[in-house]
Amino acid sequence: MFTGFTDETVDFMWGIRFNNERTWFEAHKEVYLTHFYRPMCGLADELYGFMLEKRPDCGLIRKVTRIYRDARRLHGRGPYKESLWLSVEQAGEQWTARPTFWFELMPEGWSYGMGYWMPKPATMAKLRARVTRDPKTMEQLTRKLAGQAEFTLETQDYKRPRCAAPSVVLEPWFQAKSFTIIHQDKLTEELFSREIVARLKTGWEFLLPYYDYFATLDGDPDPAAE
């Protein structure tokens, strides 16, 4: 059972930021395993179990990232990540193109939410087409999102919208080529106890209607073929 992260967790993250090399990591590997990786796996297991109860037929899996960077993509950075994240998502090779729930812990703070790492252009085209066919559903979801304080919508936008939105409320979805619904915070006390488990479960449950909406987009007709 997850019981919380520790001061050693935070010390390790800062340590790897300023000592990102093999000798330091190997000397502190047991701290990493005991205070960072294993607690993150415990948290992932609890959240995964919760989501399986909510969506037992969605084919969900859980992942915890490795601390080792891909040697092909170091780009002058050290061989280790200074943060870890967990995710709950549908199984598949192109997981970055599917909506994903996540939690990430970093030296300065933490974040969680739901969104896409790299949605396919066709997926975003299907989103715009669905919203155009039925603007009311997404207007309700967008207003519900705007009416709470836990999450914000963050988008990476096209230089020019692909087409006109049915209403001002829906414009962000027509400008976005990717998006996340995210909460970001500093290193709050709840991280060091089981309080964070309840916070994440409540947040992810709020996001389930959004996940259901986006997770079914792949089954929509391709607008380019119509």
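**Notes on the predicted model**

1. Strand 2 gives the largest share of the lining of the largest pocket, three residues. The model is a predicted one, and the points below should be read with that in mind.

2. The largest pocket holds about 700 Å³ of space. Strand 1 (60-64), strand 2 (84-90), strand 3, strand 4 (109-115) and strand 6 are the elements that each give two or more residues to its lining. In total the pocket is lined by 21 residues, and those that lie nearest its centre are Thr65, Lys81, Trp85, Trp95 and Trp117. Sorted by class, the lining has nine nonpolar, seven charged and five polar residues.

3. Helix 1 runs over residues 7-18 and has 12 residues. From its first C-alpha to its last the helix reaches 17 Å, close to the expected 16 Å. Its buried residues are Thr9, Val10, Phe12, Met13, Gly15 and Ile16. Among the elements that cover these buried residues are helix 2 (22-27), helix 3 (29-54) and strand 3 (100-105).

4. Which residues does Thr9 contact, leaving aside its neighbours within four places in sequence? They are His35, Phe36 and Leu105. Thr9 lies in helix 1 and has a relative accessible area of 0%, so it counts as buried, the cut-off being under 20%.

5. Helix 3 has 26 residues and spans 36 Å from first to last C-alpha, close to the 38 Å expected. A kink of about 30 degrees lies at Tyr37 in this helix, shortly before the proline Pro39. Please look at this part of the helix in the display.

6. Gly49 is also placed in helix 3.

7. Helix 4 covers residues 121-133, which makes 13 residues. Its reach from first to last C-alpha is 18 Å, close to the 18 Å expected. Buried in helix 4 are Thr123, Met124, Lys126, Leu127, Arg128, Ala129, Arg130 and Val131. This list includes the charged residues Lys126, Arg128 and Arg130. The cover over the buried residues of helix 4 includes helix 5 (135-146), helix 6 (171-175), strand 6 and helix 7 (195-215).

8. Ser178 sits in strand 6, residues 176-186. Its relative accessibility is 11%, and therefore Ser178 counts as buried. Not counting residues up to four places away in sequence, Ser178 touches Pro119, Met124, Glu154, Thr155 and Gln156. Of these, Met124 is one of the buried residues of helix 4.

9. Leu170 belongs to the loop between strand 5 (152-157) and helix 6. Leaving aside neighbours within four places in sequence, Leu170 is in contact with Val131, Pro135, Met138, Glu139, Thr142 and Ala165. Val131 is listed among the buried residues of helix 4. Leu170 and Tyr68 are 102 residues apart in sequence, and their C-alpha atoms are 40 Å apart in space.

10. Val197 lies in helix 7 and is buried, with a relative accessible area of 2%. Ala198 is found in helix 7 as well, but at 44% relative accessibility Ala198 counts as partly exposed.

11. What does Val197 contact, leaving aside its neighbours within four places in sequence? The contacts of Val197 are Phe2, Leu43, Glu46 and Leu47. Val197 and Glu46 are 151 residues apart in sequence and 7.9 Å apart in space, C-alpha to C-alpha. For Ala198 and Phe36, which are 162 residues apart along the chain, the C-alpha atoms are separated by 19 Å.

Technical notes:
Residues are numbered from 1 along each chain as its sequence is written. This is a predicted model: local features need pLDDT of at least 70, side-chain atom pairs count only at pLDDT 80 or more; totals for chains, interfaces and linings use all residues. Side-chain values use heavy atoms; hydrogens and water are left out. Helices (H or I, at least four residues) and strands (E, at least two) are DSSP runs, numbered from the N terminus. The expected span of a helix is 1.5 Å times one less than its number of residues. Buried means under 20% relative accessible area, exposed over 50%, partly exposed in between (1.4 Å probe, protein chains only). Contact means heavy atoms within 4.5 Å. On a 1 Å grid over the protein atoms alone, a cavity is a set of points where a 1.4 Å probe fits but cannot get out, and a pocket is an open set with protein on both sides within 12 Å along at least five of seven lines; lining residues have an atom within 4 Å of a point. Grid points are joined across faces, edges and corners, and a volume is the space filled by probe spheres set on the points. The bend at a residue is the angle between axes fitted to the seven residues ending there and the seven starting there.
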